[in-house]
Amino acid sequence: MIRSYAAHYQHLPEYQALRSIIERSAVDVQVAQEADLTAQKVSVHIEMAAQFVLLEQYEEARAVLDQRSEEVESFVRPHVVRIDSYQKQLEYARAEAGYSALGQLIGTTAYIDHQVLQLQYLQGSLDAVIQALGPEEQAQGSLEGLEDAQIPFPIQRALLYARSLWGANRWDEALLVYD
């Protein structure tokens, strides 16, 4: 697979890094004991997928992860790599599903919740974003003083709420949030 991209990408530092990883892993795998062999292969596959995303080869990245899908599903990084590849291809519904899977693996976090809301906004689900953020925004009042609020990503969430209101043609309400 690397040879097929060599002619086009050999001058890129990402290509050189990927080639180095693959060459190192071949040596390491030969020397490793059987128990370490699987862990190294999984690690190499995850790193290969991440490098393919850097090279904007998103399908290849996901194919590498799919080769070891059962082995990599318990790690966080493959989920993040897969989500990143979907987002960069503007496949927001798949990225949202990826965050759901990640949330099942590590538990729902404020970061995951915020990312899902942003993806819903990008997909045009403005009502869902407004419903999720509306009570939070009403409790805070306005952008002023949000730095001290006890909610995660307070300013980003308020701006997302205001943008959603604006997109739903609720301009007066949006302006109050911006105010």
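User: What should I know before we start?

Analyst: This is a predicted model, where local features need pLDDT of at least 70, side-chain atom pairs count only at pLDDT 80 or more, and totals for chains, interfaces and linings use all residues. Residues are numbered from 1 along each chain as its sequence is written, and side-chain values use heavy atoms, with hydrogens and water left out.

User: Ok, how many salt bridges does the structure hold?

Analyst: There are 5 salt bridges. The term means a side-chain nitrogen of Lys or Arg within 4 Å of a carboxyl oxygen of Asp or Glu. In general, side chains of opposite charge can pair when their charged atoms come close.

User: Which residue does glutamate 47 meet in a salt bridge?

Analyst: Glutamate 47 pairs with arginine 77, at 2.8 Å from N to O. Glutamate 47 is in helix H3 and arginine 77 in helix H6, so this pair ties together parts that are 30 residues apart in sequence. Helices here are DSSP runs (H or I, at least four residues), numbered from the N terminus.

User: And what about arginine 82, which partner does it have?

Analyst: Arginine 82 forms a salt bridge with aspartate 66, and their closest N and O atoms are 3.2 Å apart. Since arginine 82 belongs to helix H6 and aspartate 66 to helix H4, the pair ties together parts that are 16 residues apart in sequence.

User: Is arginine 82 buried or exposed?

Analyst: Arginine 82 is buried, with a relative accessible area of 18%. Buried means under 20% relative accessible area, exposed over 50%, and partly exposed in between (1.4 Å probe, protein chains only).

User: Let's switch to rings. How many aromatic pairs are there?

Analyst: The count comes to 2 aromatic pairs. In one of them, tyrosine 99 and tyrosine 111 have ring centres 6.4 Å apart and planes at 70 degrees, so the pair is edge-to-face. Tyrosine 99 lies in helix H7 and tyrosine 111 in helix H8, so the pair ties together parts that are 12 residues apart in sequence. The rule is that rings of Phe, Tyr and Trp (its six-membered ring) pair if their centres lie within 6.5 Å; planes under 30 degrees apart count as stacked, over 60 as edge-to-face and the rest as tilted.

User: Are those tyrosines buried or exposed?

Analyst: Tyrosine 99 counts as buried at 5% relative accessibility, whereas tyrosine 111 is partly exposed at 43%. Turning to the tryptophans, the rings of tryptophan 166 and tryptophan 171 have centres 6.2 Å apart and planes at 65 degrees, so this pair is edge-to-face.

User: What lies over the face of tyrosine 121?

Analyst: Arginine 163 does, at 5.1 Å from the ring centre. A charge sits over a ring if NZ of Lys or CZ of Arg is within 6 Å of the ring centre and within 35 degrees of the ring normal.

User: Now the surface: which residues make the nonpolar patch?

Analyst: Val76, Val80, Leu105 and Ile106 make a nonpolar surface patch of about 290 Å². Helix H6 (76–88) and helix H7 (92–106) each supply at least two residues of the patch. Leucine 105 is partly exposed, with a relative accessible area of 35%. Patches are made of residues with over 30% relative accessible area and no salt bridge, with like charges joined within 9 Å and nonpolar side chains (Val, Leu, Ile, Met, Phe, Trp, Tyr) within 5 Å. Accessible areas come from the Shrake-Rupley method with a 1.4 Å probe, and for residues only the protein chains shown count as cover.

User: Last topic: what is the phi of glutamate 56?

Analyst: Glutamate 56 has a positive phi of about 60 degrees, although it is not a glycine. Most residues other than glycine have a negative phi. Glutamate 56 sits in the loop between helix H3 (34–54) and helix H4 (58–67), and it is exposed at 56% relative accessible area. Asparagine 169 also has a positive phi, near 60 degrees, and is found in the loop between helix H10 (154–167) and helix H11 (171–178).
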